[in-house]
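Please look over the sequence and the fold below before reading on. The report then takes up a few features in turn.

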Amino acid sequence: MPSSKEIRTAIRVLEVFKKIDEDITLPSMLTFLYAVERDGQAGNQFAIDQRLDMSGATASRAIAHWLRFKRPRVAGHDMMESVPDPEDRRYRMITLNRRGLDFAAKIEEAVNGTS
């Protein structure tokens, strides 16, 4: 059975993620893609939990993967920012930073077959 255009596109996108982190998890990839889907607009961490049907702990780890630090003294990819939600301080607002927007462009190139 020959590979379809959609499968080749998915492979290219996964390869872009693999280039930055060979051990990346599916929740981390989905979290990043959800942020891209929001066109760089900030999103509430709880909305990410709900949208991706993840537990709060899983979503928190997936988001931390893209922050400057995954945990104290452990570097992340520094592609997202996290700030308190001004409407509800129990939550955090997540948005792509410049590095995240640049990486999103690489993903778009993979989708379009131009990478």
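## Confidence in the model

This is a predicted model. The chain has a mean pLDDT of 89, and 95% of its residues reach 70 or more. Within the chain, confidence is highest in α5, at a mean of 96, and lowest in β1, at 78. Where pLDDT is low, the predicted coordinates should not be read in detail.

## The sheet

Three strands make up an open sheet, and their order across it is β1-β5-β4. The pairing is antiparallel. The edges are formed by β1 (43–44) and β4 (80–84), each of which pairs on one side only.

Strand β5 covers residues 92–96 and pairs with β4 over five bridges, in the antiparallel sense.

## Aromatic rings

A pair of aromatic rings is described by the distance of the centres and the angle of the planes. The count of aromatic pairs comes to seven. Among them is F17 with F103, an edge-to-face pair with 5.5 Å from centre to centre and 70° between the planes. This pair links distant parts of the chain, since F17 is in helix α1 (residues 5–20) and F103 in helix α5 (residues 98–112), 86 residues apart. Both F17 and F103 are buried.

Another pair is F32 with W66, whose ring centres are 4.7 Å apart. Their planes stand at 45°, so this pair is tilted. F32 belongs to helix α2 (residues 26–37), while W66 sits in the loop between α4 (56–64) and β2 (69–71), so the pair ties together parts that are 34 residues apart in sequence. F32 counts as buried because its relative accessibility is 0%, and W66 counts as buried because its relative accessibility is 0%. Ring pairs join F17, F32, W66 and F103 into a cluster.

## Salt bridges

How many salt bridges does the structure hold? There are three. In one of them, the side chains of R51 and E37 meet, with 3.1 Å from N to O. R51 counts as partly exposed, at 46% relative accessibility, and E37 is partly exposed, at 47%.

R90 forms a salt bridge with D88, and the closest N and O atoms are 2.6 Å apart. R90 is exposed, with a relative accessible area of 65%, whereas D88 is partly exposed, at 22%. D102 and R98 also form a salt bridge, with 3.2 Å between the closest N and O atoms. Because D102 and R98 are four residues apart in helix α5, about one helical turn separates them. D102 is partly exposed, with a relative accessible area of 39%, and R98 is exposed, at 56%.

## A buried residue without a salt bridge

D49 lies in helix α3, which spans residues 45–51. Is D49 buried or exposed? D49 is buried, yet has no salt bridge. The nearest side chain of opposite charge belongs to R61, 11 Å away. A salt bridge needs the side-chain nitrogen and the carboxyl oxygen to be within 4 Å.

Which residues is D49 in contact with, leaving aside its neighbours within four places in sequence? They are M54, S55, G56 and A59.

Conventions:
Residues are numbered from 1 along each chain as its sequence is written. This is a predicted model: local features need pLDDT of at least 70, side-chain atom pairs count only at pLDDT 80 or more; totals for chains, interfaces and linings use all residues. Side-chain values use heavy atoms; hydrogens and water are left out. Two strands pair if DSSP finds at least two bridges between them. Helices (H or I, at least four residues) and strands (E, at least two) are DSSP runs, numbered from the N terminus. Buried means under 20% relative accessible area, exposed over 50%, partly exposed in between (1.4 Å probe, protein chains only). Lys and Arg count as positive and Asp and Glu as negative; His and the chain ends are not counted. Contact means heavy atoms within 4.5 Å. Rings of Phe, Tyr and Trp (its six-membered ring) pair if their centres lie within 6.5 Å; planes under 30 degrees apart count as stacked, over 60 as edge-to-face and the rest as tilted. pLDDT is the predictor's confidence in each residue, from 0 to 100.
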